[in-house]
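Hi there,

Here is the structure I promised to pass on.

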Amino acid sequence: MAMEKIIECVPNFSVSEAKDKKTFDAIIDCFRDVEGVKLLDYSSDADHNRSVVTVIGEPEPLKEVMVTAIGTAVKLIDMTKHVGQHPRMGCVDVVPFIPIRGTTVEEADALAKEVATEAAEKFGQPFFLYEDSAKGLKHSANLATIRKGQFEGMAEKIVADPETWTPDIGPSTIHPTGGATVIGARMPLIAYNINLSTSSVEIAQKIADKIRNIKGGFKYCKAMGVLLENKEDPSKNVAQVSMNLTNYTKTSIYTVFETVRMEARRYGVNVMGSEIIGLVPLQALVDCAAYYLGLNNLEESNCGFETKFTTDQVLETRL
């Protein structure tokens with residue numbers, strides 16, 4: 001039976017298959033063979049020590065599976081022992097809900113708050129609301145701002161300014177091993193990374209600072225420099241500009257790619273390649289094709305998210 005209402009969820013767990021396969025498998029298994037839910041994709045990165053899951057479903061079964069997955073993560077992941085390149089504040093670091101079909105941002109927001117409330121009651125995990133779910137709250141809706149201090153500094157951050165940083169749902173401080181989780185409704189996000197022909201994280205961070213919103217760069221770009229380590233041959237270590245594009249219709253993949261390539265030149269560095277983590281809206285790739293091929297005759301039709309979607313000349317979308 002086809003799903004009438006579809007909401008997407010892209011939870012980020014602070015574990016990777018290479019670092020802890022048993023825990024990784026237990027979390028992924030939460031999403032398998034669940035009626036009303038479909039596991040679309042998952043990816044795991046050893047350097048970031050992080051896994052990203054993409055799942056869609058109807059609101060009620062999606063709520064149940066997410067509460068189960070959060071409980072599994074709280075039980076099995078000990079943040080006091082977690083090490084990774086990517087900033088993180090909890091065993092389940094962030095849980096975004098995105099309306100896809102037959103639903104609204106308001107419904108995604110309500111679902112996020114229901115999941116947080118139930119998970120907090122069952123497992124003692126605190127939650128911060130962000131993006132569209134954080135409207136009217138005292139703290140910033142920005143993920144990077146909430147996460148600042150990471151797991152190690154979060155409890156102290158709450159004590160220093162409880163009026164601003166007491167979690168929105170659940171306990172008033174972090175879980176001793178699970179940390180805290182950011183949850184909420186938002187637009188589709190693209191996790192996009194660019195690898196550089198250098199091992200200098202300093203160069204990658206300088207480039208990231210040029211494009212990230214918080215430093216005066218692109219409004220819908222969050223970026224940082226990280227190191228991809230090659231333990232067998234450190235001479236092959238690669239610096240990476242790791243990004244989240246929070247609104248691809250306003251800050252496109254090709255825009256950040258070309259800017260990173262341009263900024264890299266000043267340091268005598270080349271772009272080695274790039275990667276997309278998880279799933280990406282087709283429109284974002286069509287936009288790249290139109291830019292690099294100089295296409296100006298693609299026809300547009302509406303498909304939601306208050307954006308224009310180029311379908312008429314893409315064969316697969318016409319079938």
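**Contacts of K222**

Leaving out neighbours within four places in sequence, K222 touches E131, N142, L143, R212, S242, M243, N244 and T246, where contact means heavy atoms within 4.5 Å. K222 belongs to strand β9 (residues 221-228); helices (H or I, at least four residues) and strands (E, at least two) are DSSP runs, numbered from the N terminus. The C-alpha atoms of K222 and I56 are separated by 24 Å, and the two residues are 166 apart along the chain.

A word on the ground rules: this is a predicted model, in which local features need pLDDT of at least 70 and side-chain atom pairs count only at pLDDT 80 or more, while totals for chains, interfaces and linings use all residues. Residues are numbered from 1 along each chain as its sequence is written, and side-chain values use heavy atoms, with hydrogens and water left out.

**Strand β1 and its partners**

In strand β1 (residues 6-9), I6 and E8 point one way and I7 and C9 the other, yet all are buried (under 20% relative accessible area; exposed is over 50%, partly exposed in between, with a 1.4 Å probe and protein chains only). β1 runs antiparallel to strand β5 (residues 92-101), joined by four bridges, and I7 has P99 as its bridge partner there. With strand β4 (residues 50-57), β1 pairs in the antiparallel sense over three bridges; here C9 is partnered by V55. Pairing requires that DSSP finds at least two bridges between two strands.

**Aromatic rings**

How many aromatic pairs are there by this rule? The count is five, taking rings of Phe, Tyr and Trp (its six-membered ring) with centres within 6.5 Å; planes under 30 degrees apart are stacked, over 60 edge-to-face and the rest tilted. One of them is F13 with F31, edge-to-face at 6.4 Å centre to centre and 65° between the planes. This pair links distant parts of the chain, with F13 in strand β2 (residues 12-13) and F31 in the loop between α1 (21-29) and β3 (37-45), 18 residues apart. F13 counts as buried because its relative accessible area is 0%, and F31 is buried at 1%.

F128 and W165 also form an edge-to-face pair, 6.3 Å centre to centre with 65° between the planes. The charged end of K157 sits over the ring of W165, 3.8 Å from its centre (the rule asks for NZ of Lys or CZ of Arg within 6 Å of the ring centre and within 35 degrees of the ring normal). Finally, ring pairs link Y254, Y291 and Y292 into a cluster.

Best wishes
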